[in-house]
Amino acid sequence: MRRVGRNAPCPCGTGRRFKSCCARLLAGEPAETPEALMRSRYTAYATGDVKYVLATTHPDGPHYRADASAWADELHNYCRLVNFVGLTVHEAETCDDGGRVRFSARFEHGAQAGAIEEHSRFRRVDGRWLYVDGEG
């Protein structure tokens, strides 16, 4: 997990300052698009904001856990062990109340480097985008 200053570049890779990019979403402002939600979730993983990850996961998705406390503990441990070092968005599309984002997230786990590549699905519920699931 890393701390990000409000004027530092946002971890999500847009080139904008954190305060005018993902910080406002992590503070509760709804994401405008599935891509914005995906970028903010990446930033939440990078900074250890597990409450945001929980709050932006669709309850019908396979990653959702009814036991929020245990789920938060697992996410916190994951974020503590994994250092996210870069994000590339390859494609993003929005259609009505659904959307998809294809991305690659680079990380370090101990001395090993790796990447997560995913086609994520999102659904808008009550005006807020939520992560449903993804395929690698």
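**Entry 1: conventions**

I take helices (H or I, at least four residues) and strands (E, at least two) as DSSP runs, numbered from the N terminus. The model is a predicted one, in which local features need pLDDT of at least 70 and side-chain atom pairs count only at pLDDT 80 or more, while totals for chains, interfaces and linings use all residues. Residues are numbered from 1 along each chain as its sequence is written, and side-chain values use heavy atoms, with hydrogens and water left out.

**Entry 2: the loop residues**

I looked up Asp96 and placed it in the loop between β1 and β2. Asp96 is not a glycine, yet its phi is positive, at about 55 degrees. Most residues other than glycine have a negative phi.

I traced an open sheet of four strands in the order β1-β2-β3-β4, with antiparallel pairing. Two strands are said to pair if DSSP finds at least two bridges between them. The edge strands are β1 and β4 (128–135), each of which pairs on one side only. From one strand to the next, the twist averages 30 degrees; axes are lines fitted to C-alpha atoms, for helices over the stretch in contact, and angles run from 0 to 180 degrees between N-to-C directions.

I noted twelve bridges between β2 (residues 98–109) and β3 (residues 112–125), which run antiparallel. Gly99 has Phe122 of β3 as its bridge partner. Seven bridges join β3 to β4, again antiparallel, and Arg121 stands opposite Asp133 in β4. The hairpin of β3 and β4 has two residues between the strands, and Asp126 lies in that turn.

**Entry 3: helix α4**

I examined α4 (residues 68–81), which has 14 residues. From its first C-alpha to its last it reaches 20 Å, close to the 20 Å expected at 1.5 Å a residue; the expected span is 1.5 Å times one less than the number of residues. Which residues of α4 are buried? They are Trp71, Ala72, Leu75 and Cys79. These residues lie on the same side of α4 because they cover an arc of only 100 degrees around the axis, the arc being that of the directions from the helix axis to the C-beta atoms.

Their cover includes α2 (34–47), α3 (50–55) and β1 (82–95), with contact meaning heavy atoms within 4.5 Å. I also found that α4 lies across β1, β2 and β3, running at about 115 degrees to β1.

**Entry 4: the core**

I listed the largest nonpolar core, which has 34 residues; Leu75, Phe84, Leu87 and Phe122 touch the most other members. Such a core is a set of buried Ala, Val, Leu, Ile, Met, Phe, Trp, Tyr and Cys residues joined through side-chain atoms within 4.5 Å. At least two residues each come from α1 (22–26), α2, α3, α4, β1, β2 and β4. Of these elements, α2 gives the most to this core, with seven residues.

Finally, I looked up what Phe122 touches, not counting residues up to four places away in sequence. Among them are Pro34, Leu37, Met38, Val101, Trp129 and Val132.

Key: Buried < 20%, exposed > 50% of the residue type's maximum accessible area, 1.4 Å probe, protein only.
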